[in-house]
Amino acid sequence: QSKIGVSVALPFDGRRSLRARAARHGVAAAEADIVLATMHVREQVRADFAEWYVSGERFRSARSIRELADELAQMMDERASAGEASRLAMQRLKLVAAELRAAESMTEADLLSSTRMVQRWYPFTSGATTASAPELPPSPPTFDINARPDIAASSQRLAQSEALRRLSGRWLKLPSVDVGWVDQSQGSGGSLIGLSLEVPFFNRTQGDQAASRSRLGAAQAAYHVDTLRARLEW
């Protein structure tokens, strides 16, 4: 005989809804990770700009102090030549001026390095560009931990793990409907309608359930660590 037909599983056991729920939580976690990555880029831009501003202020301060030391050393040299000051004091002041010139060179090197870092974000920046510090935004009076994108991503991953854990516990299946046609070569054929049911006597997805419980425990621990870190940072 020849048998032609289809077998359709009844979609009423909750597996499809749990898979869809886990997928939605996974997409939401990925979107929160993208927002977090964007915030990290903004944080790096601000850190590079702050380093550029601070190194510029240090260089200008070191240069003004060095110029003052050079003037004082020149005055002390003239006084020592006129016999109004000791040459030992003059040599000490010149030594201080040399040390200040070395410190100025170090701050200038830091300024050049920070300028190169800022040029990654602002290519028009040059050595003649001066940074201007903006006003700091006011601190928020309250703290909503769920508004942070990393906490949102961790929460969505926890919800996804819970849905997958529930999905792994669905080891009973509804019967599938078989519809087809039977053609017998030595007799009459006809239509075929029936039900197929798998009875899991031994394999009840114990391994998948254990793995999903472990993943859920890891997600719960990660969420606890993330929220604790967020409160400590605040």
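A word first: this is a predicted model. Glu104 sits in helix H2, which spans residues 87-118. Is Glu104 buried or exposed? Buried: its relative accessible area is 10%, and the cut-off for buried is under 20%.

What does Glu104 touch, once we leave aside neighbours within four places in sequence? Phe59, Ala62, Arg63 and Arg66.

Beyond residues up to four places away in sequence, Arg66 contacts Ala97, Leu100, Arg101 and Glu104.

Next, salt bridges. Side chains of opposite charge can pair when their charged atoms come close. How many salt bridges does a search of the whole structure find? The count is 13.

Take Asp33 and Arg157. Their closest N and O atoms are 3.0 Å apart, in a salt bridge. Asp33 is in helix H1 and Arg157 is in helix H3, so this pair ties together parts 124 residues apart in sequence. Asp33 is partly exposed, at 32% relative accessibility. Arg157 is partly exposed too, with 35%.

Now Asp150. A salt bridge links Asp150 to Arg148, with 2.7 Å between the closest N and O atoms. Asp150 is buried, at 10% relative accessible area.

On to helix H4. Arg229 and Glu233 both lie there, four residues apart, about one turn of the helix. Their side chains form a salt bridge at 3.9 Å, N to O. Arg229 is partly exposed at 35%, whereas Glu233 is exposed at 52%. Which residues do shared partners join into one network? Arg148, Asp150, Asp226, Arg229 and Glu233.

Last stop, the surface. Six arginines gather in a patch of positive charge: Arg21, Arg24, Arg165, Arg166, Arg170 and Arg213. Which elements give two or more residues to this positive patch? Helix H1, residues 15-81, and helix H3, residues 149-168. Arg213 has its place in helix H4, residues 206-233.

Definitions and conventions. Residues numbered from 1 in each chain as written. Predicted model: local features only at pLDDT ≥ 70, side-chain atom pairs only at ≥ 80, totals over all residues. Heavy atoms only, no water. Patch = residues over 30% accessible without salt bridge, like charges linked within 9 Å, V, L, I, M, F, W, Y side chains within 5 Å. Areas by Shrake-Rupley, 256 points an atom, 1.4 Å probe, with all protein chains shown as cover. Salt bridge = Lys/Arg side-chain N within 4 Å of Asp/Glu carboxyl O. Lys, Arg positive; Asp, Glu negative; His and termini not counted. Charge placed at Lys NZ, Arg CZ, Asp CG, Glu CD. Buried < 20%, exposed > 50% of the residue type's maximum accessible area, 1.4 Å probe, protein only. Contact = heavy atoms within 4.5 Å.
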